[in-house]
Amino acid sequence: MPLGQSLSHYHHIDPSQLLEAVGGDAATVAALARTFVDSAPPIFARLEQAALDGNAERSRHESHSLKGMSAMFQADVLTALLQQTEQAARNGQPPRPEELVQLQTSFALVLDEIGRCARSLAQP
């Protein structure tokens with residue numbers, strides 16, 4: 001499958017801009033995707049724990065970290081949710097339970113697609 005076509009099979013991310021930003025180097029995008037898959041789950045786990053603990057400052061910090069990572073892959077819904085979480089936490093409000101559920105759902109969808117992206121771009 002051509003690279004451009006393989007990038008169109010995503011619903012929660014759009015790695016095409018990242019691919020363009022790295023000069024079409026699919027190996028670089030695959031490496032960034034693997035880094036996300038390896039690094040984002042522990043950060044998200046810390047965000048979940050901060051939310052459960054009611055710790056706004058940790059929620060702010062972890063949501064800020066994830067926001068940059070998700071934005072790189074044009075994960076717009078997750079990025080917007082993380083932006084809202086970060087802003088609320090700046091005002092001393094960690095994510096409410098329903099917001100945490102939205103974050104969990106969106107994060108799982110994005111993580112799955114970025115994992116698939118990593119695998120598809122790594123194939124010859």
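These legends walk through a few close-up views of a predicted model. Local features need pLDDT of at least 70 and side-chain atom pairs count only at pLDDT 80 or more, while totals for chains, interfaces and linings use all residues. Residues are numbered from 1 along each chain as its sequence is written, and side-chain values use heavy atoms, with hydrogens and water left out.

**View 1. Here is the largest nonpolar core, with 27 residues.** A nonpolar core is a set of buried (under 20% relative accessible area, 1.4 Å probe, protein chains only) Ala, Val, Leu, Ile, Met, Phe, Trp, Tyr and Cys residues joined through side-chain atoms within 4.5 Å. I13, F36, L66 and F73 have the most contacts inside this core. Its largest share, 9 residues, comes from α3.

**View 2. Zoom in on F36 and its contacts (heavy atoms within 4.5 Å).** Skip the neighbours within four places in sequence, and F36 touches P41, M69, S70, F73, F107, V110, L111 and I114.

**View 3. Now look at α3 (26-53) and α4 (56-72).** These are helices, meaning DSSP runs (H or I, at least four residues) numbered from the N terminus. Their axes, lines fitted to C-alpha atoms over the stretch in contact, come within 9 Å and cross at roughly 155 degrees. The angle, taken between N-to-C directions on a scale from 0 to 180 degrees, makes the pair roughly antiparallel (over 145 degrees). Among the residues in the contact are L32, F36 and I43 of α3, plus L66 and M69 of α4.

**View 4. Last up, α5 (residues 76-90) packs with α6 (residues 97-122).** The angle here is about 145 degrees, and the axes sit 9 Å apart. V77, L78, L81, L82 and T85 in α5 meet Q102, L103, S106, F107 and V110 in α6.

Terms used
Helix = DSSP H or I, 4+ residues; strand = E, 2+ residues; numbered from the N terminus. Buried < 20%, exposed > 50% of the residue type's maximum accessible area, 1.4 Å probe, protein only. Parallel < 35°, antiparallel > 145°, perpendicular 65-115°, else oblique.
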